Amino acid sequence: MNKVILLGRLTAKPELRYTAGNTAYLRFSIAVNRPFTGTDGTRTADFINVVAWRKQAETISKYFDKGNLIALEGRIQTGNYDDKDGNKRTSFDVVLDNFEFVESKSAREASTNSSYNMPSAEPTPYDYQDNNSDMGVNVENDPFAELGDSVSIDDNFLD
């Protein structure tokens, strides 16, 4: 069985792209809090790469922005490639099956307009450098509303 369920905040504004065959796709990452704090009391996060296709990609691109909370379900997919130095690398992505809005529209807009503090993370070989179904959404019955702490994201933190 290959199933992943995640709750996290988008680390950047998602950019919709299209394949040569005109199929919509979206590559984005989310920051997911770890359930513990470090010895200095700071909370760390994992940064997870996600790939969405077709209608789901279009919907996420249209309604989500950097810092917005998203719940998603998918599967892990691995791939192999040679980096620019000729080294063999393996990539890990979550391929999206389903997603849910976790915040109300007003909360999404507020989180988009706020500043966040993102935990620092060194880039990994799995970071992307890409240069080239209807969803039943019910934010009134939000099962994730009481999960507690959230990830903070800030563009200036990494400068």
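User: Which strands form a hairpin, and how many residues stand between them?

Analyst: Strands, like helices, are DSSP runs numbered from the N terminus (helices: H or I, at least four residues; strands: E, at least two). Here β5 and β6 form a hairpin with five residues between them. In the turn, G86 has a positive phi of about 85 degrees. This is a predicted model, in which local features need pLDDT of at least 70, side-chain atom pairs count only at pLDDT 80 or more, and totals for chains, interfaces and linings use all residues. Residues are numbered from 1 along each chain as its sequence is written, and side-chain values use heavy atoms, with hydrogens and water left out.

User: In which sense do β5 and β6 pair, parallel or antiparallel?

Analyst: Two strands pair if DSSP finds at least two bridges between them. β5 and β6 pair in the antiparallel sense over 13 bridges; N80 stands opposite T90 in β6. By contrast, β4 and β6 pair in the parallel sense, over two bridges. V51 has V95 in β6 as its bridge partner.

User: Is L69 buried or exposed?

Analyst: Buried means under 20% relative accessible area, exposed over 50%, and partly exposed in between (1.4 Å probe, protein chains only). L69, which lies in strand β5, counts as buried because its relative accessibility is 15%.

User: With which residues is L69 in contact, leaving aside its neighbours within four places in sequence?

Analyst: Contact means heavy atoms within 4.5 Å. With those neighbours set aside, L69 is in contact with L7, G8, R9, F64, V102 and E103. L69 and L7 are 62 residues apart along the chain, yet 7.1 Å separates their C-alpha atoms.
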